[in-house]
Amino acid sequence: MTEQTAHSAQEPSDLPALVDALTDVAGLRVGHATLVGDGYLTGTTVVLAPEGGVTAAVDVRGGGPGTKETDALDPRNVVQRIDAVVLTGGSAYGLDAATGVMGWLEDRGRGVRVGSAPSHVVPVVPAACVFDLGRGGDFRARPDASTGRAAVEAAAASGLRAPVPVGGVGAGTGSVVGRLKGGVGTASTRLASGVVVAALVVANAAGSAWDARTGVLYGEYFEGKVTYPDRVLLDRAERLLENAARRNAESAGHAASTRLAAPPLNTTLAVVATDADLTRAQAQKLAGTAHDGIARAVRPVHLLNDGDTVFALASGQHALSPDDDPLALNDVLAAGADMVTRAIVRAVRAAESTTSTGGVFPSYTELTELRDG
């Protein structure tokens with residue numbers, strides 16, 4: 001999808017302008033808690049729903065997922081709406097961040113009512129994690145409940161339709177995509193029907209986001225705005241990547257020749273959202289087809305050492321179709337996958353090169369904008 005399509009000049013004048021972020025879905029807020037230094041290179045990102053919650057679903061395609069409360073989102077089960085989604089670093093340890101979000105929600109009486117008093121609630125907070133352990137230098141430096149609380153507080157303090165910081169922030173702080181620095185990305189579009197579809201991703205994949213033969217990000221092939229870096233720059237970029245890999249292997253105590261013996265442990269996470277009124281089954285279909293957006297932008301994808309997980313949220317402000325067209329969901333499904341692709345591209349482009357005691361992680365922008373001297 002081209003940038004022109006994502007920000008259509010033909011949008012009705014009475015509709016708010018898009019900020020090209022998940023927060024274009026009215027009521028959704030995003031907050032980051034970023035942990036850097038003293039062995040940390042990690043963080044947590046929270047998507048906070050409006051009061052009353054939103055319809056939610058999930059689809060897990062990676063072979064090594066780290067998740068919490070995803071079974072509650074199965075359309076066959078009792079939970080109808082949720083108040084927040086947590087994306088976090090720290091692998092399975094980092095899922096503790098969801099506890100902090102649950103505490104914040106409980107303090108406000110938000111959650112599934114389980115008793116006679118308004119305070120008798122159990123917040124259902126689905127969560128998923130990426131593997132970034134040790135990238136800041138300390139294997140034990142990872143998000144906890146206080147990190148989750150800081151992220152949800154940041155979300156609550158943000159304004160409606162607020163721009164969302166991207167790159168090495170929140171859950172994307174320690175993210176790596178193949179040999180490149182990853183991060184958080186987001187994108188949105190408004191369909192001809194007026195329905196908004198948006199995505200937020202944490203790009204942290206075992207596969208690569210760029211075609212080393214051409215220097216182009218895979219996701220940009222699908223956006224129709226390909227720019228080919230100079231061959232000299234690509235050769236130099238390859239040497240820098242090899243040097244970074246060698247340094248990382250040495251810091252981990254491995255010989256450079258065996259640095260690929262242990263497979264990387266990574267995951268791409270996404271939240272796809274719409275203001276359309278979806279059933280839980282329709283939301284689950286949206287989560288499933290949104291994985292196609294990852295497959296366009298990362299190769300290979302959904303490996304056994306990935307934990308690729310997509311959450312889908314529907315706030316319900318707009319009917320899908322005034323005439324109950326059973327195929328009206330198709331436009332939302334297609335847009336969801338497109339927004340995930342665009343968000344991954346944005347994450348990789350926004351990421352900055354990072355060096356810590358845990359490794360050297362070059363950014364795509366640095367490698368493809370090198371100049372002589």
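This is a predicted model: local features need pLDDT of at least 70, side-chain atom pairs count only at pLDDT 80 or more; totals for chains, interfaces and linings use all residues.
Residues are numbered from 1 along each chain as its sequence is written, and side-chain values use heavy atoms, with hydrogens and water left out.

**Entry 1: α7 and α8.** I noted the limits of the two helices: α7 covers residues 280–297 and α8 covers residues 329–350. Helices are DSSP runs of H or I with at least four residues, strands are runs of E with at least two, and both are numbered from the N terminus. The two helices pack at an angle of about 40°, with their axes 7 Å apart. Axes are lines fitted to C-alpha atoms, for helices over the stretch in contact, and angles run from 0 to 180 degrees between N-to-C directions. α7 and α8 are therefore oblique to each other (under 35 degrees counts as roughly parallel, over 145 as roughly antiparallel, 65 to 115 as roughly perpendicular, the rest as oblique).

I then listed the contact (heavy atoms within 4.5 Å). Residues of α7 in it include L286, A290 and I294, and those of α8 include V332, L333 and V340. The contact residues divide into 10 nonpolar, five polar and four charged. Ala, Val, Leu, Ile, Met, Phe, Trp, Tyr, Cys and Pro count as nonpolar, Asp, Glu, Lys and Arg as charged, and the others, Gly among them, as polar.

**Entry 2: the sheet.** I traced an open sheet of five strands in the order β3-β16-β15-β12-β11, with mixed pairing (two strands pair if DSSP finds at least two bridges between them). β3 and β11 stand at the edges with a single partner strand each, so one side of each has no neighbour in the sheet. On average, neighbouring strands are turned by 15° against each other, direction ignored.

I checked β3 (residues 55–60) and found five of its six residues buried (under 20% relative accessible area with a 1.4 Å probe, protein chains only; exposed is over 50%, partly exposed in between). β3 pairs with β16 in the antiparallel sense over six bridges. A57 has A312 of β16 as its bridge partner.

**Entry 3: helices on the sheet.** I saw that α7 lies across β3, β15 and β16, at about 40° to β3. α8 lies across β11, β12 and β15, at about 40° to β12.
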